[in-house]
Amino acid sequence: MTTSTVELNDGRRLPALGFGTYLLSPGRQTQDAVRTALDAGYRHIDTATVYGNERDVGAALRDSGLRRPEVWLTTKLWNADHARPLAALETSLEKLGVDSVDLWLMHWPVMRRLDSWKAMVRAREEGLAKSIGVSNFLTRHLDELAASSDVVPAVNQIELSPFLYGTRADTLRTCRDQGIVIEAYSPLTKGARLQHPVLEEIAAYHAVTPAQVLLRWSLQRDFVPLPRSSNPDRIRANADLDGFTLTNDELRRLDALDEGLTTGWDPAGAD
């Protein structure tokens, strides 16, 4: 289990591997998956208001026996809540059963995003969210935010894999220039490219799975991947990344796989 962390621009340290809960059903599925992840050594759990499973993430955290400061907890402001962001955060905290989250993200760059960012800054000042950031922001959204606020997002969470790497080069460069850490959701392409021959060849050479290759690529490119699974064996395998390292040639081969693959809504269409 990787125990490394990355430093955020607000001075806090974020566990370099997270566990995503998107599409995990509320109730037993979410609770079992999060408990398995925590037992496997994950110390970074990512949820969101719109996932509908915040209450179950909180229950799994309490049942784990881990102390609250041991687990990095992220949730997100949903699009429908931009008229009441602070009230939405209070609801998330109540569902999670915590006094604060480690990271609160704006889920999408929708209208009123600049006003919502001001509210998020206030939440950080009040200690309700220890770090704040954005999700699905591309360069133009980040530049707009930078022109309106002195507070730089600590994190930008975007879909990212080798199959989208070149397409997102401008956004990655903007984040690097602004000191924003990239979190990679859908780092395993939701399974769509796990049988790609380049992945299979590299995985066979290292005696690991294609999924482990994709996660290792994210880590070595200084991204924070957020794999998600409800399968206990896959949850544990996705955390087992310390036994191999990709060579520079392998990294370059993976970088070259870009095909503009998005597995969900593409923020390139956001105003």
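Against which elements do the buried residues of α8 pack? They pack against β9 (181-185), α7, β10 (224-226), α9 (232-239) and α10 (248-255). This is a predicted model, in which local features need pLDDT of at least 70, side-chain atom pairs count only at pLDDT 80 or more, and totals for chains, interfaces and linings use all residues. Residues are numbered from 1 along each chain as its sequence is written, and side-chain values use heavy atoms, with hydrogens and water left out.

- Ten of the eleven residues of α8 are buried, where buried means under 20% relative accessible area, exposed means over 50%, and partly exposed lies in between (1.4 Å probe, protein chains only).
- Among the buried residues of α8 are Gln212, Arg216, Trp217 and Ser218.
- Helices (H or I, at least four residues) and strands (E, at least two) are DSSP runs, numbered from the N terminus.
- The axes of α7 (residues 197-206) and α8 come within 8 Å and cross at roughly 95 degrees; that makes α7 roughly perpendicular to α8.
- Axes are lines fitted to C-alpha atoms, for helices over the stretch in contact, and angles run from 0 to 180 degrees between N-to-C directions.
- Angles under 35 degrees count as roughly parallel, over 145 as roughly antiparallel, 65 to 115 as roughly perpendicular and the rest as oblique.
- On the α7 side, Leu199, Glu200, Ile202 and Ala203 meet Pro210, Val213 and Leu214 of α8.
- By class, this contact has six nonpolar, no polar and one charged residues.

**Nonpolar cores**

- A nonpolar core is a set of buried Ala, Val, Leu, Ile, Met, Phe, Trp, Tyr and Cys residues joined through side-chain atoms within 4.5 Å.
- The largest core has 67 residues, and Phe19, Trp104, Trp117 and Leu254 have the most contacts inside it.
- Helix α8 (residues 210-220) gives the largest share of this core, six residues.
- A second, separate core of nine residues includes Leu14, Trp72, Leu103 and Val224.

**Two buried loop residues**

- His82 sits in the loop between β5 (72-77) and α3 (85-96), and its relative accessible area of 5% makes it buried.
- The side chain of His82 makes a polar contact with that of Ser116 (2.7 Å).
- Ala16 lies in the loop between β2 (13-15) and β3 (19-20) and is buried, with a relative accessible area of 5%.
- A polar contact is a pair of N or O atoms within 3.5 Å; within protein, one must be able to donate a hydrogen and the other to accept it, and residues adjacent in sequence count only if both atoms are side-chain atoms.

**Positive phi**

- Ser186, in the loop between β9 and α7, has a positive phi of about 50 degrees although it is not a glycine.
- Just after α8, Asp222 takes a positive phi of about 65 degrees.

Definitions and conventions. Contact means heavy atoms within 4.5 Å. Ala, Val, Leu, Ile, Met, Phe, Trp, Tyr, Cys and Pro count as nonpolar, Asp, Glu, Lys and Arg as charged, and the others, Gly among them, as polar.
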